[in-house]
Amino acid sequence: MNIKLIALDMDGTVLLNDHTTITPRTLKTVQAAIDQGIEVVPASGRVLSILPRAFRQLRGINYALTSNGASVVNIHTGETIYHNAISEEPSRQLLRLLTACKAVPEVYYGGKPLIQSGHLDILRASGEKLNQVILDHLTPVDNLAAAMEGKCIEKINLVCIDPANRAAILSGLEAIRGISFIVFDTSIEINSATATKGDALTHLCRFLDIPLEDAMAIGDSDNDLAMLEAAGWSFAMRNASPLARQTARFQTLSNEQDGVAHAIERYVLRRPATQRSNTPLIAAAAAFDRHDAQRINHFMKVYAYAKTIGEGEYLEDTTQFILETAAILHDIGIKPALEKYNSCAGPYQEKEGPAPAREILRRLRYPEPVIERVCYLIAHHHTYSGIDGMDYQILLEADFLVNAWESSMSTEQIQSACEHIFQTETGRTLLNDLFLLP
């Protein structure tokens, strides 16, 4: 992965649900990406003047993709890199339609949002959080249609839609050539027929000589779909729309859980040189079970499933590392159990496994807290009660996925495990994909 540009949606992605706050962790992580030489670009449905101030003031934010891709600008010089506004005649037709339907349009033009003076009180009374955030930035005009005569509108954000007029508005929009629109629960966003965040991202990458495959995009909404499709590395927030989750190649945590920071930290920021690799441990575990292909294949499969589920559930790095380490060594007690008891029953594995695991981990200089937690997991990996952490839960799920196949478990046994053992969404999905549960 060689990410050179990161395009970030704002509302529902970078911003918390109040449409105003950016957490310190997200600001710090975005700044760290910029400091590594990565171009970070706000990619918003908002117009330039109402992009979050805290984000624009980060050192090294140079460009903004605004109005759903209708405009790409250099925020320092004001230079327009790309512009894709609604043409004059469709702009005129839109304002006539919306006036006839008594709609409340916010018109984005020239980097600023305009509104009919008489509509401000309607927005104030709406109670919608985003409307309240934007209110202070709106420029009221006495006659919106006259103010826009002969001009090309970047975007219209249609808010406070009267349900009685909704059908007429949608029918009228369908009849106007040269526009596109996205319908949300409480608003409709109208742009040029070819204006999308994906189109704007393509033009900006071309301008900066950055291949799209080296671009990362993070979003949550249907107006992010084209951007998520265009970028080589695309991430949907956990709170994203179904279509956004379906379009993105990866998923991250929600906007309320620092999902942007999580994705950038995990996939972009350079790891410390001292971060440990488990490759030597895999070699040591294979040497311990030398010439036993079945056991080595087993722990490698459990390791792969544990890694996949842990990453799918967004474990923090230390917990993920402990999980993967425990997955490699979870069955290390089989060999001494067979030698001592002539049995590899679960309780014997749990009893005999920690000692050789501890010896190997200390020889490889693993930190003592990691060693103690890994040995605890090994000593409980056949115990399905008292689960005290996600590393424990996921180890059980990963081990079961492999055991179910190797032991040819019945559908009834697997279904029971799905109901009583599996707790993670990623684990349940893998179980269903493997065994086609009803």
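Visitor: How much space lies in the second largest cavity?

Guide: Rolling a probe the size of a water molecule over the atoms shows where empty space is left. A cavity is a set of points, on a 1 Å grid over the protein atoms alone, where a 1.4 Å probe fits but cannot get out; its lining residues have an atom within 4 Å of a point. Grid points are joined across faces, edges and corners, and the volume is the space filled by probe spheres set on the points. The second largest cavity holds about 30 Å³ of space.

Visitor: What should I know about the model itself?

Guide: The model is predicted, so local features need pLDDT of at least 70 and side-chain atom pairs count only at pLDDT 80 or more, while totals for chains, interfaces and linings use all residues. Residues are numbered from 1 along each chain as its sequence is written, and side-chain values use heavy atoms, with hydrogens and water left out.

Visitor: Which residues line the second largest cavity?

Guide: The lining consists of F235, Q251, T252, H262, A263, R266, Y267, E311 and Y314. Helix α12 (residues 259-267) contributes the most, with four residues. Helices (H or I, at least four residues) and strands (E, at least two) are DSSP runs, numbered from the N terminus. By class, this lining has four nonpolar, three polar and two charged residues. Here Ala, Val, Leu, Ile, Met, Phe, Trp, Tyr, Cys and Pro count as nonpolar, Asp, Glu, Lys and Arg as charged, and the others, Gly among them, as polar.

Visitor: How many cavities of 30 Å³ or more are there, and how much space lies in the largest cavity?

Guide: The count is two cavities of 30 Å³ or more, and the largest cavity has about 60 Å³ of space. Its lining is made of A285, D289, R295, F299, I328, L329, D331 and I332. Helices α14 (293-312) and α15 (317-329) each supply at least two of the lining residues. Five residues of this lining are nonpolar, none are polar and three are charged.

Visitor: How do I read a sheet?

Guide: Strands of a sheet pair through backbone hydrogen bonds, either parallel or antiparallel. Two strands pair if DSSP finds at least two bridges between them. In this structure, five strands form an open sheet in the order β2-β1-β12-β13-β14, with parallel pairing. Strands β2 (39-42) and β14 (250-251) stand at the edges with a single partner strand each, so one side of each has no neighbour in the sheet. Strand β13 (residues 233-236) pairs with β14 in the parallel sense over two bridges, and A236 has Q251 in β14 as its bridge partner.

Visitor: Which strands form a hairpin with two residues between them?

Guide: Strands β6 and β7 do, and G110 in the turn has a positive phi of about 60°. Strand β6 (residues 104-109) pairs with strand β7 (residues 112-116) in the antiparallel sense over four bridges. Y108 stands opposite P113 in β7. Strand β7 also pairs with strand β8 (residues 139-141), in the parallel sense over three bridges. There, V141 in β8 is the bridge partner of Q116.

Visitor: How many residues lie between β10 and β11 in their hairpin?

Guide: Three residues lie between β10 and β11. The strands, β10 (residues 179-183) and β11 (residues 187-192), run antiparallel and are joined by five bridges. S180 stands opposite N191 in β11.

Visitor: Is T13 buried or exposed?

Guide: Buried means under 20% relative accessible area, exposed over 50%, and partly exposed in between (1.4 Å probe, protein chains only). T13 lies in helix α1 (residues 10-14), and T13 counts as buried because its relative accessibility is 2%. The side chain of T13 makes a polar contact with the side chain of D220 (3.2 Å). A polar contact is a pair of N or O atoms within 3.5 Å; within protein, one must be able to donate a hydrogen and the other to accept it, and residues adjacent in sequence count only if both atoms are side-chain atoms.

Visitor: Where is S241 found, and which residues is S241 in contact with?

Guide: S241 is in the loop between β13 and α11 (242-247). Contact means heavy atoms within 4.5 Å. Leaving aside neighbours within four places in sequence, S241 is in contact with D220, S221 and D222. S241 counts as buried, because its relative accessibility is 17%.

Terms used. 1 Å grid on protein atoms, 1.4 Å probe; cavity = no way out; pocket = protein on both sides within 12 Å on 5 of 7 lines; lining within 4 Å.
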